[in-house]
Amino acid sequence: MKSCLALTLALLAPAAWAADPVSFSEQIRPLLEKRCLGCHGAEQQMSGLDLSARESALRGGAHGPAIQPDNPAESLLLAYVRGSKEPRMPLGDALAADDVELLARWVEQGAPYDATLSSKAAPADDPASWWAFQPPVQAPPPTVADARWRRNPIDAFVRARLDAAGVEPAPPADRRTLIRRAWLDLVGMLPPPDEVERFVADSSPDAWTRLVDDLLAKPQYGERWGRHWLDVARYADSSGYEHDFDYPDAWRFRDYVIASFNQDKPYDRFVQEQLAGDELSDWSFETLIATGFQRIGPRVLFREKDNPEYRYNYLDDMIQTSSRAFMGLSVECARCHDHKFDPIQQLDYYRMMAIFFPHIRYDFPLASEAQIREYETRKTAVEQSIAPLNARIREIEAPYREMQRREQLKGFPQEIQDAVNTPEAERTEGQKLLAEQVLSIGVGNYGRLLSDEDRQQVQSLKVRIAELEKELPEPLPTAMGVRDGDYRSAPDGRGDEVQPGKGEREVYENVGPFVPEPGRPYNPPVAHLLPHSDYHDKGPVVEPGVVTILARLGEFDPQPPDNGRVSTGRRLALAKWLTSGEHPLTSRVMANRIWQHHFGRGLVLTASNFGKMGRKPTHPELLDWLAVEFVKQGWSVKALHRLILDSETYRMASVWNPPGASAADPENNLLWRYPSRRLEGEIVRDITLEAAGSLNLEAGGEPFFPPIPEAVRESFLKGRWEMTQPGPAVWRRSVYSYQKRGLRYPMFEVFDQPSMNVTCERRTTTTVPTQALTLLNNQLILEQAALFARRVRDEAGADPAAQVDRAWRIALSRPPSDEELEGNRAFLARQRDYHARTDDPSLAALTDLCDVVLNLNEFVYVP
């Protein structure tokens, strides 16, 4: 009876489905748009499948028809969503059972469509409604009662929020505070005492405007603000990881960034050069250097080809840095699965990876074609003369090398000896691993085994080689950057082809990347979706693209550039999409970064995360107004500086606590006073040198190595670090110091220098005892305190009161109060007695005073 009932229900099921028709517009359409069309729509046809129209769905893709209404059981669409075929769809997030049943009923009923669909349609819950995904709108500034706060649109937005909260803003800062604030903020230097006095005495209405313009025109402006961008770019002069190899040409990118800020290069162009400087129609040496943005991240650079996964990690670094720097989105979080919080699909991650996938690391020669040809001709001629001499040395040494290898091998266990002595083709997998490990150690000192005759012959050959090497031309200057090619191919130009019988690892280990040239075939390597972020487990091929939720905003259309270089044009298409003016994030993110460095925190606190796990803006209308104005002003960073510094908001006093303000807004989010903040370690060092009169303003070029104790160097011996002595050569601005990932300069590290391994959105500011101990005991501070004292005595003479006054005006941009003056004079008197037995008690006492001044909070804070 039960069997008959089950059979009856089974036979009736299709009829029941037919009697209950599925609504395409209400049930199927939302399901396809939300879960399927992101990968299989008109815009992105993975595996050649387009489900946006009935005709294309019936036609199917690479695996056959997706829908067969006359034979539903054979419909591939149903097979993949049910999991009877692998991989189960949608990737990483299977459909609910009810949705699978709904699709089956729809197919059974003939799979009718009532319209062509678009993957750009927003699902019912519309994640596109998130504030950061809306185009910024420049709303009219609100009306405020105080006329002083109506002059600048920034002030109107800020004051309106303050009025609504019932909080009174701070009064204007005094002129000494303003000039010090502007100098530290814009150029990271102390205002000269004479300039402070001139500004204080200048009552003309344009005095502040002229001061700002003068500071923006100084070359030190680019050094100050370029350093901010280098944090975002995770700049370093070394590769990091265990070996921390030197990046000998990284400094060219650093100089490019500094020059770009000094030139007020439009930000849209700045973005395009860093992402695709080699693909621009008007490329230059400068734009080739700019592509170092994608290459200066951490790299292993040691036996990389033994592990192809390294390349995927480097691609992840490029995706993370680019998406956070330019869009303020954490696209890297979708590497293994759809983003847990933001509407970023795993497919979006791999679309973006496909943009960068053809890249190869490339050292661009910074020379003309004629210079390159001449260099190669001379170099080849010398190398051809050296080659037979080296071959003869190898021939002489070969039997001794083999003797040494066999001697070394005897020190290993028998199973390892057997593995090495077994012919390579006959080794087991275990023997291959053992042999590889032993052979990688290298052969020891076999030179001691050479006969006297052979040793003399080898030495004579080496002398001849050394003589020939002197004839080699000076290496051409190069820039570390990237270009498109094929990282897996040997120089024979196989493109994406994998040799028969060889897997990816073997091809990856070939001699070098294929560099495409005009007239030679170039097939870019193909990117695959990796469902579990494992390169061994490849999913379908992925075409280059952008984040789906933002794809409707602007055009992403890669085209090979017409600039004499063979390339895919994918990176340039990304850059143009970002800077089209329609993108809702690019201008917002940069306007927020500029605001952050003026006020210590951005209108969005999480400057590189505008997603749901980031903080919402404290003043959303103001941020939008600034973002639109930024584009209107030609993406000019300096124009935005002028606008911000001209505001009452920027020129408020920092010392202010009106009734109720701290209770209503304890974190000063509403900006009822100017937020004083501590300077970064690099600027603390710079102004210390400047106060002492020893700062060397030599700009650009190769980095210098600041002196460090031997014990610090011994703590990490890998890679490059040159031990130096104090002097003008190492008293340059800190931005030009060697940035070593494995060994940060101790003073910078203790003052919160960020990790150089990842992009930094905002430096943390800690307060720990080691900072005070560093300023008290650091050898640099003690040396500069002595030089500061000599400068003060030279400029102020022997009078203690004049010395105190001069020291304060140099270091703090103001004279001491009467109480401070008397206290400092008393301190000098005590210290002269303490140093009575020294050669110069007065200078020793003044040195102690200068050391104290350099340790004041006021010295290391933006007022």
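**Helix α11 and its surroundings in a predicted model**

Trainee: Against which elements do the buried residues of α11 pack?

Mentor: In this predicted model, residues are numbered from 1 along each chain as its sequence is written, and side-chain values use heavy atoms, with hydrogens and water left out. Local features need pLDDT of at least 70, side-chain atom pairs count only at pLDDT 80 or more, and totals for chains, interfaces and linings use all residues. Helices (H or I, at least four residues) and strands (E, at least two) are DSSP runs numbered from the N terminus, buried means under 20% relative accessible area with a 1.4 Å probe and protein chains only, and contact means heavy atoms within 4.5 Å. The buried residues of α11 pack against α10 (219–232), α12 (267–276), α13 (285–290), β2 (478–484), α22 (586–599) and α24 (637–645).

Trainee: Why is α11 described as largely enclosed by the rest of the structure?

Mentor: Among the buried residues of α11 are W251, F253, Y256 and F261. The helix is largely enclosed because the buried residues number eleven of its 14.

Trainee: What length does α11 reach from its first C-alpha to its last?

Mentor: Helix α11 covers residues 250–263. The expected span is 1.5 Å times one less than the number of residues. That gives 20 Å for α11, and the helix is close to this expectation, reaching 20 Å.

Trainee: Which residue just after α11 takes a positive phi?

Mentor: The angle is about 55°. The residue that takes it is D264.

Trainee: Is Y314 buried or exposed?

Mentor: Y314 lies in helix α14 (residues 309–327). Its relative accessibility is 5%, and therefore Y314 counts as buried.

Trainee: How far does the backbone nitrogen of V300 lie from a polar atom of the side chain of Y314?

Mentor: A polar contact is a pair of N or O atoms within 3.5 Å; within protein, one must be able to donate a hydrogen and the other to accept it, and residues adjacent in sequence count only if both atoms are side-chain atoms. For V300 and Y314, the separation is 2.9 Å.

Trainee: What percentage of the 863 residues in the protein is buried?

Mentor: The protein as a whole has 33 helices and six strands. Across its 863 residues, the buried share is 53%.

How values were computed
Buried means under 20% relative accessible area, exposed over 50%, partly exposed in between (1.4 Å probe, protein chains only).
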